[in-house]
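Subject: Handing over a structure

Dear colleague,

I am passing this structure on to you, with the sequence and the coordinates placed just below.

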Amino acid sequence: MAGPSLRPHVHWAQRHRELYLRVELSDVQHPDIAIIDNVLHFKAQGHGAKGDNIYEFQIEFLEPVEPKPVCRVTQRQLNITVQKKESNWWERLTKQEKRPLFLAPDFDRWLDESDAEMELKEKEEEKINKMKIESRVPKDPFKHLKKGYLVMYNLVQFLGFSWIFVNMTVRLFILGKDSFYDTFHTIADMMYFCQTLALMEIVNSLIGLVRSPLIPAVVQVFGRNFILFVVLGSLEEMQSKPVVFFIFYFWSIIELFRYPYYMLSCIGIEWKPLTWLRYTTWIPLYPLGGLAEAVCIIQSIPIFSETGKYSLGLPNPLNVTIQFSFLLQIYLIALFLGVFVNFRHLYKQRKQHLGPKKRKMK
């Protein structure tokens with residue numbers, strides 16, 4: 001059972017515009033702090049000089065103050081900041097001339113009037129210098145136009161891949177495994193559109209419109225377009241294979257989180273669940289997508305060998321033919337190197353956005 005209320009030790013300091021009160025109470029619970037008729041009323045349960053107890057005090061300020069104090073509770077103490085109604089220097093804190101016994105100067109924050117004026121002057125000079133520096137930086141007249149373009153680009157891509165994902169999911173539930181075999185003929189037009197538009201991601205990085213590194217963007221866009229346009233688009237035998245379903249499905253799921261994340265980032269909005277999904281879902285999906293692309297390449301090699309499509313015959317006297325299927329075998333190695341490059345890039349981004357924050361050493 002708590003004992004009678006007691007007064008805690010309170011230390012104070014001031015600046016021209018603010019008053020600082022430091023209440024020596026630890027483990028504070030249920031603080032009740034209010035300023036009524038220029039009098040600060042304080043009451044709280046905490047551990048002070050007399051142990052765990054209810055501590056309270058009142059201070060009638062020398063001059064008018066704002067009625068809304070700012071309170072910050074730490075494990076060892078409670079800090080109160082009070083705004084003065086007028087910016088001036090007080091000769092004392094309380095209206096009564098005799099200082100209360102529980103009140104003492106806070107020498108850690110104590111400044112005399114000249115030091116406080118110097119501090120205020122330094123802050124004003126710092127603010128003026130910051131404004132001068134900002135005024136020297138040329139403003140981009142096309143800033144809003146660029147932002148609008150990036151928002152629209154990411155929105156269009158999000159809608160396109162959403163259509164692909166929803167369409168494939170609905171057909172999977174209705175048709176089951178039968179939907180695997182005509183995925184290309186149903187989805188290809190929209191995938192062509194989205195992947196052609198994705199070339200703008202390389203352009204955006206080249207001209208500095210976005211801060212994304214160029215190499216990962218080139219690896220992903222050209223890698224996907226090679227699979228889509230060269231391997232699947234040119235071989236009818238590949239278009240009815242089940243691997244097409246998995247390639248398109250993995251691509252679309254990844255983009256369902258990537259494009260809305262970038263779209264919101266363009267307008268300065270961060271939604272933490274979306275950030276987590278954007279930098280987490282790729283961990284299983286990206287290797288699975290790379291594996292599906294590799295299976296697609298392996299299945300296409302015999303077809304390119306048999307048809308001789310895209311093979312290059314050199315003129316006499318060499319009389320040598322470079323089989324496109326041989327180039328695909330080399331590309332297969334490059335595919336896994338590309339997966340490694342992008343995986344490493346995305347892992348660094350994940351650590352940057354979701355990694356543990358470094359704690360400052362006191």
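Helices α5 (214–234) and α7 (243–266) each supply at least two residues of the lining of the largest cavity, where helices (H or I, at least four residues) and strands (E, at least two) are DSSP runs numbered from the N terminus. This is a predicted model, in which local features need pLDDT of at least 70 and side-chain atom pairs count only at pLDDT 80 or more, while totals for chains, interfaces and linings use all residues. Residues are numbered from 1 along each chain as its sequence is written, and side-chain values use heavy atoms, with hydrogens and water left out.

Grid points are joined across faces, edges and corners, and a volume is the space filled by probe spheres set on the points. By this rule there is one cavity of 30 Å³ or more, and the largest cavity has a volume of about 30 Å³. Its lining is made by Q195, A198, E201, Q220, V221, R224, E255, R258 and Y259, which by class are three nonpolar, two polar and four charged residues. In these classes Ala, Val, Leu, Ile, Met, Phe, Trp, Tyr, Cys and Pro count as nonpolar, Asp, Glu, Lys and Arg as charged, and the others, Gly among them, as polar.

The largest pocket has a volume of about 1,100 Å³. Of the 36 residues that line this pocket, V210, R211, S212, Y262 and Q349 are the closest to its centre. Two or more lining residues come from each of α2 (143–175), α4 (199–206), α5, α7, α9 (282–307) and α10, and α7 gives the most, with seven residues. The lining of the largest pocket divides into 17 nonpolar, 11 polar and eight charged residues.

The second largest pocket holds about 260 Å³ of space. Among the 18 residues that line it, the closest to its centre are V219, Q220, Y286, E293 and L335. The elements α5, α7, α9 and α10 give two or more residues each to this lining, to which α10 gives the most, with six residues. By class, the lining of the second largest pocket has 10 nonpolar, six polar and two charged residues.

**Paired strands**

Two strands pair if DSSP finds at least two bridges between them. Strand β3 (residues 26–36) and β4 run antiparallel and are joined by seven bridges, with I35 having L40 in β4 as its bridge partner. In the hairpin of β3 and β4, which has two residues between the strands, D37 takes a positive phi near 55°. Strand β4 (residues 39–48) also pairs with strand β5 (residues 51–60), in the antiparallel sense over 10 bridges, and Q45 stands opposite I54 in β5. β4 and β5 likewise form a hairpin, with two residues between them.

How values were computed. 1 Å grid on protein atoms, 1.4 Å probe; cavity = no way out; pocket = protein on both sides within 12 Å on 5 of 7 lines; lining within 4 Å.
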